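Dear colleague,

I am handing over the structure we spoke about, and below it I have set out what was found in it. Please read the notes with the coordinates open beside them.

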Amino acid sequence: MTSSSTPPAVCISGLQKWYGRYQALCDVDLNVAANERVVICGPSGSGKSTLIRCINQLETHDAGTIEVNGKRVDRSTPRMHMLRRDIGMVFQHFNLFPHLTVLENCTLALRKARKMKLAQAQEIAEHYLNRVRIPEQRGKYPGQLSGGQQQRVAIARALCMSPKVMLFDEPTSALDPEMIKEVLDVMTDVASEGMTMICVTHEMNFARTVANRVVFMDAGRIVEQSDPRTFFSRPSHPRAQQFLSQIL
Amino acid sequence: MESFDILAGIFEGFKVTALVTLYGMMWAVPFALITGVLQHFTRGAARVAVTCVIEFWRSSPVLILLFVLYYALPGFGIRLSGMTVGAMALGLNIGGYGSQAVRAALQSLDRGQVEAGRALGLHRLHILWLIELPQVLSAMMPTFVNQFIQLVKGTAIVSLITLTDMTFRAKQIADAQYNPIGVYTSLMIAYLIVCYPATLFGRYLENRVRIEHRGSREI
Amino acid sequence: MKFDPDFALSVTPLILTGLGTTLWIAVAASLCAAVLRFIFEILRRSNRWLGYVMRFVIDVIRSTPVLVQLYFIYFVLPFYGLTLPAIASGVLGLSIYYSGYLAEVFKGGIDSIDTGQFEAGKALGLRRRDVIVSVILPQMLRNVAAPMGNYFVSALKATPYLAVIAVPEMLGIAMEVGSNSFRYAEPMVAVGVIFLTLALCISYVVRLLERRLQIAHQR
């Protein structure tokens with residue numbers, strides 16, 4: 001637990017979202033403290049991705065409040081793009097820019113959004129490409145890299161912006177099994193540096209070893225949340241028990 | 001008149017053909033890019049307005065546009081040279097088609113690209129300029145080459161408003177010496193000489209674009 | 001001379017008498033173009049060298065202006081004993097020109113049908129001929145219908161070219177009104193409005209048709 005003087009990194013209260021008549025999120029409350037690592041899991045369609053995409057407003061919510069880094073975000077927030085610079089996101093399908101090299105992918109936002117000079121941006125980019133252990137690929141294009149390498153570049157790209165919170169939306173779901181480990185290792189590394197992370201994933205070992213808290217969602221609601229050990233050994237909600245028995 | 005002389009006579013009109021093509025491209029390319037992007041991004045009344053402008057220039061037959069501009073504008077007090085009228089009518093007509101290609105290319109771009117740009121905190125215009133347009137433009141080169149070819153072919157109609165292009169010259173020669181076979185065959189050859197290489201180039205570009213893009217969606 | 005809207009309105013009915021001609025020229029040209037293209041496709045696939053020749057012929061057709069091809073057919077063919085009335089020359093010219101562009105239509109139509117369809121037909125014990133008629137052809141026609149609709153609109157917009165070879169379609173009538181009254185602006189605007197309306201309406205209908213076919217075609 002963190003001291004009460006530090007505001008939570010992410011503070012979600014009473015969140016609701018509808019797609020037409022289908023309710024994707026029902027009454028979601030979630031507080032994530034600074035430096036905390038939260039894993040969100042659940043069956044598909046439970047609203048996990050929708051929830052984290054609301055945090056940086058790639059999806060907009062219909063009711064309830066979200067506060068990130070102390071600032072309220074919703075569809076009417078002006079200059080949302082500036083707030084997004086402090087929130088990093090890693091996508092299931094990487095979404096690297098195919099027409100830019102690995103290095104350019106990382107420096108683009110630094111140069112345009114943070115108005116950095118090229119040399120300084122490149123230095124930062126090289127630092128993070130080192131961190132994700134592929135500095136030698138800096139001149140290659142995304143199409144020339146394997147899936148695992150692309151996702152690591154995507155992580156580096158997000159880290160370059162020095163975000164206060166990192167969001168991961170099923171980062172390994174689109175990867176071939178032999179490449180999942182390299183990405184999880186990088187994520188573990190990021191966690192060990194103290195980054196606040198919210199991670200939607202099916203990788204339960206990762207949850208067990210890295211997360212402070214596991215949040216289980218079903219049908220748009222948070223149904224159970226506890227520390228990993230409790231969650232995996234003694235889940236209390238029947239849906240959680242059912243889910244775990246199916247995937248473990 | 002020997003066929004070579006006929007061809008040479010026809011090519012005297014090449015300067016006008018080239019100028020109309022050039023001025024036409026100067027209308028067509030900006031019009032296609034601006035209206036295509038606008039149509040992709042705007043909603044509601046603004047989008048309707050842009051669509052109306054595009055459709056007016058695209059859905060009217062180009063010959064009609066040419067004649068309307070040439071004959072009707074003076075009635076409203078606007079006097080433009082034949083070259084300007086020709087370039088405008090052809091350019092905006094072809095640009096109208098081009099705008100649809102621009103819009104389609106923007107729409108077909110993977111949404112994830114835009115999301116990644118937004119997640120990084122880039123401003124929407126930056127995303128358009130740095131991420132969407134570069135990817136779309138390289139895919140659109142074959143379309144622009146095609147527009148160029150359409151323009152060159154389109155210039156033939158300016159012969160009907162007395163601009164002395166290749167077609168006009170051919171008709172002059174044909175009326176003078178009554179050898180339609182020789183003259184019109186030479187005219188076809190003249191356009192072939194100009195357009196056929198461009199057609200081949202366009203096909204080469206199409207194949208290159210296809211090969212380039214094959215690598216980049218590897219997951 | 002200032003533009004006179006009343007005069008424009010008064011000549012509109014006269015111009016509209018050419019509507020029927022315009023429409024049936026477009027229909028005839030579209031159908032003939034499809035037939036020509038079909039023949040071409042069969043020839044192209046039958047023999048490798050013939051394929052190259054046909055490819056070249058198509059490139060020539062696409063690299064020269066339609067106006068020039070019309071002149072060629074109208075002025076040159078009589079020398080070889082083939083004197084067609086103006087309308088027939090016009091339809092022939094447009095058919096040949098558009099057959100050059102129907103590649104996408106037929107490629108989409110023939111190649112896009114799942115080979116599994118053919119295998120399923122054979123597995124059911126149908127003869128090759130029956131598979132083609134009952135399984136392949138209906139799907140092909142459905143794939144082909146919507147793009148053909150678009151080419152019909154293109155052919156429609158090309159009918160004004162026939163005015164230069166003295167065909168009594170709408171632009172031709174407008175030109176005649178102009179030369180009789182010495183006022184060109186009004187008939188040109190009138191015919192322009194007519195064509196724009198026509199093209200937009202028919203495009204709309206084609207798009208509705210496309211949507212209906214899509215729904216029926218969903219797998």
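A nonpolar core, as the term is used here, is a set of buried Ala, Val, Leu, Ile, Met, Phe, Trp, Tyr and Cys residues joined through C-beta atoms within 7 Å. Please keep in mind throughout that this is a predicted model, with an ipTM of 0.85 and a pTM of 0.78.

With that definition in hand, the largest nonpolar core has 107 residues, of which B:Leu66, B:Leu187, C:Ala174, C:Met188 and C:Val191 touch the most other members. Helix α4 of chain B, residues 62-72, gives the largest share of this core, namely 11 residues. Apart from this core lies another, of 83 residues, which includes A:Met89, A:Cys106, A:Val183 and A:Val190. As general background, nonpolar side chains tend to be buried together in soluble globular proteins.

Chain A and chain C, by contrast, are joined by no contact, and their closest C-alpha atoms lie 22 Å apart.

The contact between chains B and C takes 33 residues from chain C and 29 residues from chain B. On the side of chain C that touches chain B, the elements giving two or more residues are α3 (48-63), α4 (66-76), α8 (128-158) and α10 (185-217) of chain C, and the largest share, 10 residues, comes from α10(C). Sorted by class, this side of chain C that touches chain B has 25 nonpolar, 4 polar and 4 charged residues.

The contact between chains A and B takes 22 residues from chain A and 19 residues from chain B. Here the elements that give two or more residues to the side of chain B that touches chain A are α6 (111-119), α7 (124-154) and α9 (180-216) of chain B, with α6(B) providing the largest share, 6 residues. By class, the side of chain B that touches chain A has 8 nonpolar, 8 polar and 3 charged residues.

Turning to the chains one by one, chain B has 9 helices and 0 strands, and its C-alpha atoms fill a box of roughly 70 × 45 × 20 Å along the principal axes. Buried residues make up 47% of the 219 residues in chain B, and among its contacts between residues at least 6 apart in sequence, 80% join residues at least 24 apart.

Within chain B, helix α8 (residues 166-177) has 12 residues and reaches 17 Å from its first C-alpha to its last, which is close to the 16 Å expected at 1.5 Å a residue. Just after α8(B), B:Tyr178 takes a positive phi of about 50°. Elsewhere in chain B, B:Val53 is placed in helix α3, residues 44-59, and is partly exposed because 17 other C-beta atoms lie within 10 Å, where burial would need 20 or more. The C-alpha atoms of B:Val53 and B:Leu92, which are 39 residues apart along the chain, are separated by 10.0 Å.

Chain C has 10 helices and 0 strands, and buried residues make up 35% of its 219 residues. Of the contacts in chain C with a separation of 6 or more, 78% are accounted for by residues 24 or more positions apart. The mean pLDDT of chain C is 84, and 85% of its residues reach 70 or more.

In chain A, 4 strands form an open sheet in the order β2-β1-β4-β5, with antiparallel pairing. The strands β2 (22-32) and β5 (71-72) of chain A stand at the edges, each with a single partner strand, so one side of each is left without a neighbour in the sheet. Strand β4 of chain A, residues 63-68, is joined to β5(A) by 2 bridges, the two running antiparallel, and the bridge partner of A:Glu67 in β5(A) is A:Arg72.

With best regards

How values were computed:
Residues are numbered from 1 along each chain as its sequence is written. Chains are lettered from A and ligands numbered from 1 in the order in which they are written. Two residues are in contact if their C-beta atoms, placed from the backbone, lie within 7 Å. Ala, Val, Leu, Ile, Met, Phe, Trp, Tyr, Cys and Pro count as nonpolar, Asp, Glu, Lys and Arg as charged, and the others, Gly among them, as polar. A residue is buried if 20 or more other C-beta atoms lie within 10 Å of its own, exposed if 12 or fewer, and partly exposed in between; C-beta atoms are placed from the backbone. pLDDT is the predictor's confidence in each residue, from 0 to 100. The expected span of a helix is 1.5 Å times one less than its number of residues. Two strands pair if DSSP finds at least two bridges between them.
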